[in-house]
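Please look over the chain below with the numbered points beside it. Each point takes up one part of the fold.

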Amino acid sequence: MAGGLLAAEDVRIAAKGWLTHLEAERRASPKTLESYLRDVAGFLAFLSDHLGGAPDLAALAALETRDFRGFFAARRSEGLANRSLARAASSIRSFFRYLERHHGLSAAGLAGLRSPKLAKSLPKPLAADDALSLVEAEASDPKDRAWVEARDGAVLTLLYGCGLRLSEALALTGRDRPLPETLRVLGKGKKMRLVPVLPAAREGVERYATLCPFPIEEDGPLFFSIRGKPLGPRAVQAAMQRLRFALGLPPTATPHALRHSFATHLLSAGGDLRAIQELLGHASLSTTQVYTEVEDRRLLDIYQAAHPRARKGGG
């Protein structure tokens, strides 16, 4: 996988070990590995031109801060956005941390590099009434293809009622039916977690399964497309878009927004942050803490709209 890098043999061997480490010990997904490798490959290609030859480990150890800055200046001039530059910086730092731990290489020049600042993006949950409207509208649509509406309603209920990622809901198989009171979910990084299942979610899945024209087998998918294939995310996104227009909801009303809504509404109701972290399958509490900022912002908006002291001229 790392054999095509523009680098000396010792760097290619080290890069292969780094990718193996990320996959085995950090449980990085294939897509993450591909992104990391692409970023580091781009950096090594830049160095090959910058240094006048394919870099080896000794050349990497001798890099100065200006060398790293030169790479990012070049990428910026190519039109790369701050988010892509920040990801590249993260990939390069990960590679050099591996080199330090496993090859004794210390690149002091990297310490002086600062990642581009990113505008903070908070999750955009739906209001509780809007989330319920989405789920109930799709679960009860009386059209001829009632099983399709029942299917989409079941999936959306799993996202909002259980906080599943769309990929996690679509990965369920016939073996998971009927849904238990507590569902075992394999999430990111192959991390297993237990998620309580609301009666509405169990009932929604059973309603869909009863109407589904395709046999639901233990080793097969739980959710099917209209052609009898495993249901893909685009079909759910299309259903969400249709409902968004029908209900007059904003463009931020996406399938993933239902997972955000699950977390935010639990927090609003007094849910414990660490418990919500476990339910969402977040590896770090800091990832979950972003929902406290969403709730704080919501409370501030309510305060500014309702409190006499927050109004202009209030006194």
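1. Ala 74 is found in helix α4; helices here are DSSP runs of H or I with at least four residues, strands are runs of E with at least two, and both are numbered from the N terminus. With a relative accessible area of 23%, Ala 74 is partly exposed. On this scale buried means under 20% relative accessible area, exposed means over 50%, and partly exposed lies in between (1.4 Å probe, protein chains only). The C-alpha atom of Ala 74 is separated by 8.7 Å from that of Phe 46, although the two residues are 28 residues apart along the chain.

2. A word on the source: this is a predicted model, in which local features need pLDDT of at least 70 and side-chain atom pairs count only at pLDDT 80 or more, while totals for chains, interfaces and linings use all residues. Residues are numbered from 1 along each chain as its sequence is written, and side-chain values use heavy atoms, with hydrogens and water left out.

3. The protein has 13 helices and two strands. Of its 315 residues, 42% are buried. Among contacts with a separation of 6 or more, 61% are between residues 24 or more positions apart; a contact means heavy atoms within 4.5 Å. The accessible surface comes to about 17400 Å², and carbon and sulfur atoms hold 53% of that. Accessible areas come from the Shrake-Rupley method with a 1.4 Å probe, and for residues only the protein chains shown count as cover.

4. How many aromatic pairs does a search of the whole structure find? The search gives 13. Rings of Phe, Tyr and Trp (its six-membered ring) pair if their centres lie within 6.5 Å; planes under 30 degrees apart count as stacked, over 60 as edge-to-face and the rest as tilted. Trp 18 and Tyr 36 are stacked, because their ring centres are 6.0 Å apart and their planes are at 20 degrees. This pair links distant parts of the chain, with Trp 18 in helix α1 (residues 9–24) and Tyr 36 in helix α2 (residues 30–51), 18 residues apart. Trp 18 counts as buried because its relative accessibility is 1%.

5. Phe 43 and Phe 96 make an edge-to-face pair, 6.3 Å centre to centre with 70 degrees between the planes. Phe 43 lies in helix α2 and Phe 96 in helix α5 (residues 82–103), so the pair ties together parts that are 53 residues apart in sequence. Both Phe 43 and Phe 96 are buried. Ring pairs link a cluster whose members include Trp 18, Tyr 36, Phe 43 and Phe 96.

6. Which residues have the most contacts inside the largest nonpolar core? They are Leu 60, Phe 95, Phe 96 and Leu 99, in a core of 35 residues. A nonpolar core is a set of buried Ala, Val, Leu, Ile, Met, Phe, Trp, Tyr and Cys residues joined through side-chain atoms within 4.5 Å. The elements giving two or more residues to this core are α1, α2, α3 (57–61), α4 (65–77) and α5. A second, separate core of 33 residues includes Leu 159, Leu 164, Val 195 and Met 240.

7. Ser 35 is found in helix α2. Is Ser 35 buried or exposed? At 14% relative accessibility, Ser 35 counts as buried. Leaving out residues up to four places away in sequence, Ser 35 touches Arg 87 and Ser 91.

8. Strand β2 (residues 192–196) runs antiparallel to β1, and five bridges join them; two strands pair if DSSP finds at least two bridges between them. Arg 184 has Leu 194 as its bridge partner in β2, and Thr 182 stands opposite Pro 196.

9. In the loop between α8 (166–170) and β1 sits Pro 178. A cis peptide bond joins Arg 177 to Pro 178, with omega about -5 degrees.
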